[in-house]
Amino acid sequence: MINRISSRLLLCFAIAITGIVASCSKDDGPVGTLTFARNVCLIEKAGGTASIEFTAVNIVSVALSDIPSDWSVTADLATHRVHLTAPAADTEDAETEGTLKLTGLDTRGHTLTAELRVGIGTTIDLTAEPSNCYVLNRADAYYSIDVTRKGEQGDRIAPAKVDMLWATSQNMVANLSLADGIASFLLLSDKNGQLIEGNALIAALDANDRVLWSWHLWITEYDPATDYLTSAAGDRFMARNLGAGANTNDTTEEVLASYGLYYQWGRPTPLIGPQYYDCAYGMDRSMFNLRNNFTYLDYVESTPETGTIDYAVAFPMSFILGVEASGYDWLYSAHDNELWGTVKTTYDPCPKGWRTPDRDAFAAFEIGDEHEADRTEALRRAYGWNLTDGVMTSFFLGGGRRSALLGGIQNVNTNDNPQPWIGCYWTCAPGDGELSASAMYFSLDTEDASRSQYKPRVDYHRANGFQLRCVKEQ
């Protein structure tokens, strides 16, 4: 399709292809290879230039074809580079993106072809900022992250491949590739050129397809670097739940997007939220793999084999159910009170510069809607409460929890009505009871708003899946 250049960036899937397209009569001699270093090349602005390296082994000549309209592209076999110039901004009927072909003739007379996706877009390098969670807010951008490290300062790993385990939308993430320990991928826009808010999980795998570690991609218009709130105690809270979209909660769909993701205490891996805003039927939200097929969480009971940190890392799409023998911890026996902490740990799920909140982070808060009428209206409108400590006021949604015993999302208020009107938010601290962890809890009473409850610190079983509100590292 021919598109006039505009401020919107347009990128599509890119697949590098190396293979024999045609052959001549001579079959002796070494086999040739022809590949690009990356299968996509983005130029940040109209009229800009770039070059990309290609590998050519036993290739005697190269030629270009299928060059997008008004792009200037040359190939240099001597330096093994393709040089590109994007069309100028005022060029009419120019293509803003496309796929060109580099064809080579090897010493045996065989023809090989490599494809390169080109476009006007942004390249963002996050390799110097290792984290378990990356906040991504640029559509039509080519991101790179380091996948040789667990967390921010954890053990090194040597991945053989990468894969996207799930995403909340199809055609959100594309062109995932691995080179020298760096995973690169395209973050695509919708048909209107807008960011597709949501979440995704990518993983590093060994040669036997075992997951070595995984990383949360939080794709959102929300920017925690500029949109945070400072409490009376000096804690700087994100204004959104971890994994939430940026919106005003004016519709039930926006409420659903604001729930964010769910976490078992001490695990770095996010678990998907509900399919419906009222958590009807306990259904999980739809998830898609890199091939745009449906994929699903699974639920396994904690056993000596499944209730380990190694298992939790290797199976990031498994909710590990608590059982009596495990003390209703997802860890069966090797219980660990330091998986999360006031000093950021390897397993902390928050983005770089943020961490899970302290044990007493919510101690000074109370429900901020003082009058019953205000409370009732807040309940009807927004499915949560404004919590305040007199200095900071922030809205917390009642997104329920994933049950430690069953795994499914449950939202049951004090009247036992299946509504999304309890809120459970983890802190980084173990609980007072053995094998428990500390969380903030509130409920909304749909019959009488004045009977709603707020408890800043409650002990819960660690196998529960709760929401998170990250705080800034000191």
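How do strand β13 (residues 161–167) and β16 pair, and over how many bridges? They pair in the antiparallel sense over six bridges. Before we go on, a word on the model: it is predicted, so local features need pLDDT of at least 70 and side-chain atom pairs count only at pLDDT 80 or more, while totals for chains, interfaces and linings use all residues. Residues are numbered from 1 along each chain as its sequence is written, and side-chain values use heavy atoms, with hydrogens and water left out.

**Strand β16 and its partners**

Strands (E, at least two residues) and helices (H or I, at least four) are DSSP runs numbered from the N terminus. Two strands pair if DSSP finds at least two bridges between them. On to the next pairing: β16 and strand β17 (residues 211–219) are joined in the antiparallel sense over eight bridges, and here N199 has W218 of β17 as its bridge partner. The hairpin of β16 and β17 has five residues between the strands, and in it D209 takes a positive phi near 70 degrees.

How enclosed is β16 (residues 198–205)? Eight of its eight residues are buried, so this strand is largely enclosed by the rest of the structure. Buried means under 20% relative accessible area, exposed means over 50%, and partly exposed lies in between, using a 1.4 Å probe and protein chains only. In a regular strand the side chains alternate between the two faces of the sheet. Both faces of β16 are covered: G198, A200, I202 and A204 are buried on one side, and N199, L201, A203 and L205 are buried on the other.

**A four-stranded sheet**

Elsewhere, let us look at an open sheet of four strands, which has the order β2-β4-β7-β6 with antiparallel pairing. β2 (33–36) and β6 (72–76) stand at the edges with a single partner strand each, so one side of each is left without a neighbour in the sheet. Neighbouring strands of this sheet are turned by 20 degrees against each other on average, direction ignored; the axes behind such angles are lines fitted to C-alpha atoms, for helices over the stretch in contact, and angles run from 0 to 180 degrees between N-to-C directions. β2 pairs with strand β4 (residues 49–57) in the antiparallel sense over four bridges, and T35 has T55 as its bridge partner in β4.

**Salt bridges**

A salt bridge is counted when a side-chain nitrogen of Lys or Arg lies within 4 Å of a carboxyl oxygen of Asp or Glu. By this rule the count comes to 11 salt bridges.

| Pair | Distance, N to O |
|---|---|
| E97 and R117 | 2.2 Å |
| R156 and D146 | 3.6 Å |
| D358 and R355 | 2.6 Å |

The side chains of E97 and R117 meet in a salt bridge, and this pair links distant parts of the chain, with E97 in strand β8 (residues 97–106) and R117 in strand β9 (residues 110–120), 20 residues apart. Both E97 and R117 are buried.

For the other two pairs, the partners fall into unlike classes of accessibility. R156 counts as exposed at 54% relative accessibility, whereas D146 is buried, with a relative accessible area of 11%. D358 counts as partly exposed at 23% relative accessibility, while R355 is buried, with a relative accessible area of 4%. Finally, E152, K344 and K352 are linked in a network of salt bridges.
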